[in-house]
Amino acid sequence: MVEAELWLFVLISSLSYMTPILLATIGEIITERSGIVNVGIEGILLSSAFASVATSFFSGSMLLGVLAGTLAGALLGALFGLFAVYLRADQIIAGLAINMASYGFTVLGLIAIWGHHGASPRVEGQLPYFSIGQSTVPLLTLLAILIAVLSWFFLFRTRTGLALRACGEEPRAADAMGVNTYRYRIAATTLGGTLAGLGGAFLALEIAGVFTRGMSAGMGFIALANVAFSGWNPLPAVFGAYVFGFLSAAADALQQEVGYAYLLKTLPYLGTLAITVLTARRSRAPLRLGVPYARE
Amino acid sequence: MVPLVSMKGITKVYADGTVALRGVTFELAEGEVHALLGENGAGKTTLMRILYGELRPTAGEIFVRGQSVAFRSPQEAMRRGIAMVHQNFSLVPSFTVADNLYLAVTSVKPMRRGEVEGRARELGARLGIEVPLEARVEQLSAGMKQRAEILKSLLLDAKIIILDEPTSLLTPLEARALLGLIKELKAQQVSFVYVTHKLREVKEVADRVTVLRKGANVGTFQVSEVSEAEMAKLMVGAEVERVRRSRSGAPGEVLLEVEDLAARDDMGVERLKGVTLSVRRGEVVGIAGVQGSGQKELAEILAGLRRPERGKVRLGGVDVTGRSPREMRRAGVLYSPESREEGLALEMSLVENSVLARQGEHASGVTMNWKSAEERARQIVERFRVVFTDLWERARNLSGGNQQRLMVGRELESEGLLLIAHEPTQGLDVVSAEKVRGEILRFRERGAVLLISSDLDEVLELSDRIVVLFEGRVVGELKGGESDLERLAKLMGGAL
Amino acid sequence: MSGEALRALSETALALAAAVFVTSLLLLLLGYDPVSSLAVMFTYGLGNVEYVAAVAAPLVLSALAFLIPLRAGLFNIGGEGQAYLGALSFLYFSQQFGALGLLAGGLMGALLGGTLGALRAFLGVNEVIASIMTNWTLYYVTLFLVSRHLTHPEFPHRSIDVGFFLGSWTSFLLALALALLALVLLYNTLLGYEIRVLGSSRRAAAYAGIDVRRVTVLSMSIGGLFGGTAGALKVMYVGHLDTTMSALFGVGFLGIGVALIGKSHPIGAVLSAAFLASMIIGGHWVELRLGTPPELTDVIVGVMVLVLSAPYALKLLQRGGRLG
């Protein structure tokens with residue numbers, strides 16, 4: 001009976017873990033559909049987690065914290081877009097740079113604000129949620145799923161979505177058809193950063209309740225794995241995020257039950273690696289993904 | 001009368017310092033077809049991309065119906081009724097035709113999807129250019145893609161349509177249909193700029209012609225008042241002595257045999273559907289066909305870069321089917337590919353590119369022998385007059401023509417029996433092109449040549465025999481010297 | 001000086017200027033004194049050259065771990081995990097075999113790098129994602145081993161001591177020798193030529209008859225070899241591992257920065273490793289003297305790499321900002 005309850009708990013708490021992965025995945029799908037690959041979402045998750053904790057610490061408002069995290073994500077997404085789109089940067093390297101700078105900057109802030117090298121104090125307050133039996137599900141999780149559906153509609157059923165996908169498939173043709181590739185691409189990276197930022201805020205305020213040094217811990221890359229796993233489509237991404245979230249939730253729950261904390265912590269990473277290996281080459285990426293576009 | 005378009009003193013200097021246009025003046029009158037004639041690199045496309053708002057001029061003024069304009073994007077040009085059909089088309093291949101039309105039209109004016117499709121059907125039926133709206137563009141033939149492009153321009157209410165080398169990818173039959181369509185639209189007050197390097201088409205379709213040479217306007221004429229020879233002279237700048245073919249006696253034994261070869265391209269489309277041909281020692285065999293007829297796949301199979309689905313390749317009587325690029329080269333195949341991005345490592349130096357694909361010959365054990373590589377580079381750049389500043393500079397820094405000379409030169413400088421030359425003179429000025437052609441003819445003494453080129457004059461001039469491909473099959477074989485263009489053109493279009 | 005070297009230098013200068021500017025703003029914002037912090041950071045590090053050599057040695061190697069595959073067009077972000085594995089192997093094997101433990105560290109790294117390369121070459125697995133997943137897996141495996149199997153008998157939070165030691169200068173000379181070896185490999189061997197052709201263009205590599213899979217696996221293995229050795233050198237210098245991972249964490253990631261600031265050239269990597277090492281040491285001084293956190297270094301490296309990722313930015317500056 002304890003077993004069944006444990007697994008039920010894991011299945012429900014997976015919903016929580018899936019949320020930042022899902023938001024980051026949707027953001028990255030929109031970014032990649034426009035032809036830009038941003039591996040800096042790892043750093044964006046981290047920076048926005050920090051921004052949200054710091055803001056709610058000073059303002060005492062969780063909601064302001066969420067807002068600040070989202071805004072930080074938008075700013076970093078736009079910064080990355082500036083480099084990737086207008087300055088024709090090597091996108092992988094620019095993304096790694098965002099990750100490095102985010103790590104340094106957030107630790108700097110952690111020490112400057114709280115004088116602590118490892119973690120911030122716990123944040124006070126609770127984000128809105130609703131209950132299923134004895135478990136609770138955060139409202140933002142539902143919002144994330146709603147965003148997935150809306151993003152699918154946006155990408156595949158609207159004119160703007162069509163134009164955005166054209167930029168990722170054949171920017172030269174899109175440009176000649178009057179679609180401003182530069183503008184679409186920078187809008188996509190900004191939107192992508194915004195969603196990852198919301199995810200980062202959720203990670204810190206809801207899942208952890210604190211900011212800890214390097215707390216994104218590869219979650220951005222798990223989202224990147226999910227982008228390919230879901231075939232650059234936000235709807236399957238919900239399922240993918242749940243699977244990846246389940247691995248984290250199971251690792252966490254089992255640690256408390258059986259010990260072997262360190263070994264169990266490898267579960268999400270090994271699981272992601274296994275899924276990536278098993279599903280590699282299954283679906284087709286946008287044709288011009290990662291290729292800078294220049295008119296002349 | 002105020003001209004429809006007037007471009008004055010247009011100069012374009014690219015970021016890398018290349019001067020593409022030097023003060024060009026160009027006018028388009030209402031209801032005319034105006035040909036823009038010039039060699040590769042003369043600046044025709046650059047001038048039109050400026051008119052279409054894709055590029056900004058470094059200097060000069062543009063007037064549309066007398067009003068000064070400075071387009072910052074194609075969108076702004078479209079709003080003024082200007083449309084451009086690019087040589088390689090500007091459609092998103094993975095989208096349907098309907099998606100493409102909808103996207104283009106709505107970037108200029110709001111319109112519902114259903115309305116775009118309805119109007120496209122109606123217009124297509126009226127002009128006899130129906131296009132399957134629900135088909136994905138990548139599945140369409142070049143002719144169909146062009147129809148879709150023209151339909152797109154008309155849906156945008158374009159009164160000025162720029163056609164950039166519109167027949168380069170078409171079969172002769174499709175090309176003829178296009179010329180008919182132009183005449184019909186002209187009657188409906190649509191004006192055309194017809195960019196081409198083909199004299200015959202100028203004569204056939206245009207009212208006036210402007211000739212560009214090295215980025216300058218060297219004259220505008222009524223087509224009826226100027227001969228093809230005069231235009232050619234203006235275009236090239238001087239009379240060029242064409243290579244005369246000296247028949248090298250009877251061909252020798254069979255060197256290459258290709259039997260029932262079938263293959264798909266990277267997208268999985270069946271491109272070769274059972275090709276059989278042979279090449280004898282001492283021959284130049286030309287392969288003619290519109291782009292996409294299977295010539296690229298044929299070349300790649302012979303170079304070991306593509307595996308055939310069925311069929312045999314024999315070289316000197318030995319079965320070499322499915323061998324690797326390295327093994328093919330060892331068997332004596334030299335390959336100058338269509339794309340310089342393929343045949344050169346552009347981020348590496350001239351020296352390093354001089355040994356590309358025969359790097360093993362310039363290594364002793366595991367270490368490279370740069371002395372011998374440098375020597376080889378020197379031979380190539382001297383013989384093929386590659387202009388460079390330092391043998392160790394990146395090939396990327398060379399102009400396109402110099403890159404081409406380096407690549408073709410490297411193959412011609414090598415030991416081998418069979419040369420596969422795919423578009424060997426593309427991007428070359430007339431003098432260099434003649435030099436390369438001369439070298440190709442001389443290669444016959446060492447073995448044989450398979451020449452693949454979209455320049456039919458080149459094919460006719462150099463080939464002892466011409467094999468015509470159409471949709472992946474051999475549809476005819478002609479003798480080089482006595483073939484006429486008319487017959488060749490018919491075969492290329494699949495008319496038997 | 002050749003035009004190419006001059007350009008590389010002005011790009012690095014631009015990147016450094018941007019980094020100093022951004023970090024100064026950050027420090028101001030967080031209430032630290034930017035002028036004295038940066039002054040201490042850039043000067044105090046040079047006070048003890050032997051210390052710089054010791055810190056630089058593993059960085060040279062973790063830079064090579066990223067650099068060699070990069071020249072083949074591959075992103076070995078797995079230097080971090082390769083360093084963990086190398087450190088563990090060295091820790092274990094040096095107990096019995098002394099210096100051979102270094103070799104064991106390198107070989108284990110090579111095995112891991114080669115595996116990532118093979119996944120990419122034969123199954124099409126994205127090497128960036130696979131690298132990060134192995135990094136984090138090995139991070140926790142290391143913690144597990146340190147706390148359970150290689151644990152010090154008296155201090156449960158740390159490992160046993162290494163069984164072999166080299167002085168700072170010897171370590172640095174070893175790293176320098178390996179960098180020279182990498183230089184020869186890249187520019188004077190057939191494999192190096194093939195690696196660079198593949199990095200220039202996959203199509204050109206296929207055209208040249210280069211076995212793309214073989215070069216992918218080999219270049220990732222060589223990268224892993226350097227990554228593993230980097231970890232071994234690092235743990236050798238510190239003497240043991242502990243459960244904060246402070247000895248090892250970041251050595252692989254910093255190597256990426258070192259490689260890129262060194263313009264993806266082995267000699268550049270040595271210079272930039274020395275530069276970064278002095279900055280890291282300066283960073284500790286900043287913390288001691290002014291309380292400014294040493295992670296300042298990460299911000300500077302991140303901003304520099306961001307600017308260097310876009311060489312076009314420099315061209316744009318030279319042209320007065322006109323997009324073209």
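A residue is taken as buried if 20 or more other C-beta atoms lie within 10 Å of its own. The views below show parts of a predicted model.

**View 1. Helix H10 of chain C, residues 212–238.** By that cut-off, 22 of the 27 residues of H10(C) are buried, so the helix is largely enclosed by the rest of the structure. From its first C-alpha to its last, H10(C) reaches 39 Å, close to the 39 Å expected at 1.5 Å a residue. Gly239(C) comes just after the helix and takes a positive phi of about 105°.

**View 2. Chain C as a whole, with 14 helices and zero strands.** From the N terminus on, the elements of chain C run α-α-α-α-α-α-α-α-α-α-α-α-α-α. The radius of gyration of chain C is 20 Å, close to the 20 Å that the globule rule gives for 324 residues, so the chain is as compact as a globular protein of that length. Along the principal axes, the C-alpha atoms of chain C fill a box of roughly 65 × 60 × 30 Å. Of the 324 residues in chain C, 60% are buried. Among contacts in chain C with a separation of 6 or more, 77% are between residues 24 or more positions apart.

**View 3. The contact between chain A and chain C.** Here 42 residues of chain A are in contact with 43 residues of chain C. On the side of chain A that touches chain C, at least two residues each come from helix H3 (62–86), helix H4 (91–114), helix H9 (219–229), helix H11 (261–264) and helix H12 (267–279) of chain A. H4(A) gives the largest share of this side, 16 residues. By class, the side of chain A that touches chain C holds 31 nonpolar, six polar and five charged residues.

**View 4. The contact between chain A and chain B.** Chain B brings 22 residues to this contact and chain A brings 18 residues. Helix H2 (74–79) and helix H3 (97–106) of chain B each supply at least two residues of the side of chain B that touches chain A. The largest share of that side, four residues, is from H3(B). Sorted by class, the side of chain B that touches chain A consists of 13 nonpolar, seven polar and two charged residues.

**View 5. Strand S1 of chain B, residues 5–13, and its pairing with S2(B) and S4(B).** S1(B) and strand S2 (residues 19–28) of chain B run antiparallel and are joined by six bridges. S1(B) also runs antiparallel to strand S4 (residues 59–64) of chain B, with five bridges between them. Val5(B) can be followed into both pairings: Val5(B) stands opposite Leu28(B) in S2(B), and Val5(B) stands opposite Val64(B) in S4(B).

**View 6. Leu127(A), in the loop between H4 and strand S1 (129–132) of chain A.** Leu127(A) has 17 C-beta neighbours inside 10 Å and therefore counts as partly exposed. Leu63(A) is 64 residues from Leu127(A) in sequence, yet the two are 7.5 Å apart in space, C-alpha to C-alpha. Leaving aside neighbours within four places in sequence, Leu127(A) is in contact with Met62(A), Pro138(A), Leu139(A), Leu140(A), Leu205(A) and Glu206(A).

Notes
Residues numbered from 1 in each chain as written. Chains lettered and ligands numbered in written order. Predicted model: local features only at pLDDT ≥ 70, side-chain atom pairs only at ≥ 80, totals over all residues. Contact = placed C-beta atoms within 7 Å. Nonpolar A, V, L, I, M, F, W, Y, C, P; charged D, E, K, R; others polar. Rg over C-alpha atoms; globule rule 2.2 N^0.38 Å. Buried ≥ 20, exposed ≤ 12 C-beta atoms within 10 Å, placed from the backbone. Expected span 1.5 Å × (residues − 1). Pairing = 2+ DSSP bridges.
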